[in-house]
Amino acid sequence: MIVKLKHENPEVRDHLASLGAEVRRLDFPFGVFLAALGEAPPLKEIQAMAGVEWAKASGAKPLLAARASAPQGSQVTLGNAVVGGVALALMGGPCSVEDRDQIVGTARFIAAYGATGLRGGAYKPRTSPYAFQGLGQAGVELLREAGDASGLPVITEIMDPADVEAMLPFVDCFQIGARNMSSAPLLRAVGRAGRPVLLKRGPASTLEEFVLAAEYILLEGNANVILCERGIRTFETATRNTLDLNAIPVLKAMTHLPVIVDPSHGTGRRDAVLPMARAAVAAGADGIIVEVHPDPSKALSDGPQSLHFAEFRRLAEELGPVALAVGRRLDLPATHPASGVPYIRRAVGWGSAL
Ligand code: PEP
Ligand code: MN
C-alpha cells in the first residue's frame, strides 16, 4: 500500500507497522509518502486516518511514479539544469570514453555550445562480448575530469550494483541502459545511492513496464529519475531501432517524471538524429541526449550514429526555435565561445528568449 500524507501523524506509520507491514517513509519534493510492503492493510481504515491524503493498494501498477502522485510534474536537478522545467536539457558526449583528449575535448566543445550535461560510457553493455567493453573505472574518472574541465554534470552507465561505491564519488547521474532496464537489483542499488538516475527504456519494454522500473527506484526513496526513450525493436531494418515518439505524451500522462529522448540510439544513423531531435522537442520532450565524437569514423563504439562537433552545434542552434514554438526554451551561451562576440539573435531561439 502507498499512503500520501497530508500532514504528520505518527499513528499512521505505527498502525501500518502493527499490522505486520514493512513501512518506509519517502520524503519527496512533491510530497511525503509511506510505503507499506508485505502485508495488505485494510484500505478503508487507513484512508480514514487523520493526516492521510490518500491510500492506494499496491497492485501491479506504478503508484509513486504515477502522475497522480505529483500532478504538476516532478523535476530533477542535474548540475545547473533542471530537467522537467521550461528550459530543455541537452546532454551530449561520446558513446564510450576513450581517452583524455577525446572526452575533455568533447566536453569543452559541447559546453560552449549549450549542453547542460556530459554523457560517456565507461562500462559498456556491448551486444558482442568481443566488442570494446569500455575503460571501466578509469573511464569513470576521466569523465569526471572532463566534467570538471567543462563545468558539466556527468552521466555514465552502471551495469553492476557492486560498482556503486567506487563510482559514487565521480558520477552526477547514473545511467541504467536499455539492456538492464528491468534489473531489479540494479534499480534498487541506484535507488539507494540517492543520485539522479537516467533510466533508458528497454528495446522490448512496454511503457507500463518502463514506469514500473522507475517505481523500483522511487520505492528506495529516490525520486530523481529521468526517463529516456531510446527506440524500440520493430520489423524495420533501415534504422537501428524505431524511435517511439508516442512515448512522450503517453508517458507524460502516465507519470510525473521528466522524459527525454535519445535520437542517436533511436535511429542509429547520424543523418536522422537532428530531424528526430526536432520532432522529440515538438512532441514535448524535456530534453535530448545525443552521441558526439571528435572523429566519429574512429569511434570505438556507435560511430555511425555519433555527431561531429559541427553537427552538435547545429543541433543546439536548431532546437531553440522548435522549443519556443511549443512553449519551451533552450538556453544557449550569450556569446560565441571562440570569439566572445555576442550571438546574433535569430528571429527566435538564441539565448534566454523568454
Ligand atoms: C548508450 O547510451 O551508449 C547505450 C548503450 O544506450 P542504450 O542502453 O540505450 O542502448
Ligand atoms: Mn552508444
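Eight strands, 8 in all, close into a barrel in the order β7-β8-β9-β10-β11-β12-β13-β14, with parallel pairing. From one strand to the next, the twist averages 25°. This is a predicted model, where local features need pLDDT of at least 70, side-chain atom pairs count only at pLDDT 80 or more, and totals for chains, interfaces and linings use all residues. Residues are numbered from 1 along each chain as its sequence is written, chains are lettered from A and ligands numbered from 1 in the order in which they are written, and side-chain values use heavy atoms, with hydrogens and water left out.

Let's start where the barrel closes. Strand β7 (residues 89-93) pairs with strand β14 (residues 287-291) in the parallel sense, over 5 bridges, and Met-91 has Ile-289 as its bridge partner in β14. Helix α11 (residues 309-325) packs on the sheet here, touching β7 and β14, and its direction makes about 170° with that of β7. Such angles run from 0 to 180 degrees between N-to-C directions, with axes being lines fitted to C-alpha atoms, for helices over the stretch in contact.

Gly-231 counts as buried, at 0% relative accessibility. Leaving aside neighbours within four places in sequence, its contacts (heavy atoms within 4.5 Å) are Pro-203, Asn-241, Thr-242, Leu-243, Asp-244 and Gly-266. Further along, helix α8 (residues 247-254) lies across β12 (225-229) and β13 (259-261), running at about 165° to β13.

Helix α10 (residues 270-282) has a buried set made up of Ala-272, Val-273, Leu-274, Ala-277, Ala-280 and Val-281. Those residues pack against α8, β13, α9 (263-267), β14 and α11. After α10 comes Gly-284, with a positive phi near 105°. Then there's Asp-286, in the loop between α10 and β14, which is buried with a relative accessible area of 2%. Its side chain makes a polar contact of 2.8 Å with that of Arg-328. A polar contact is a pair of N or O atoms within 3.5 Å; within protein, one must be able to donate a hydrogen and the other to accept it, and residues adjacent in sequence count only if both atoms are side-chain atoms.

Over in helix α3 (residues 100-112) sits Thr-106, buried with a relative accessible area of 0%. Not counting residues up to four places away in sequence, Thr-106 touches Gly-93, Pro-94, Asp-101, Val-292, Pro-294 and Phe-309.

What surrounds ligand 1? There are 13 residues around ligand 1, and the closest are Arg-119, Gln-175, Ala-178, Lys-200 and Arg-230; a residue is near a molecule if one of its heavy atoms lies within 4 Å of it. An oxygen atom of the ligand is 2.7 Å from a polar backbone atom of Ala-178. For side-chain N or O atoms, the distance to a ligand oxygen is 3.0 Å at Arg-179 and 3.2 Å at Glu-291.

Finally, the cysteines. The count comes to 0 disulfides, taking a disulfide as a pair of cysteine sulfur atoms within 2.5 Å. The sulfur of Cys-173 is 10 Å from the closest cysteine sulfur, in Cys-228, so that pair is too far apart for a bond. Cys-173 is buried too, with a relative accessible area of 1%.

Note on methods: Pairing = 2+ DSSP bridges. Helix = DSSP H or I, 4+ residues; strand = E, 2+ residues; numbered from the N terminus. Buried < 20%, exposed > 50% of the residue type's maximum accessible area, 1.4 Å probe, protein only.
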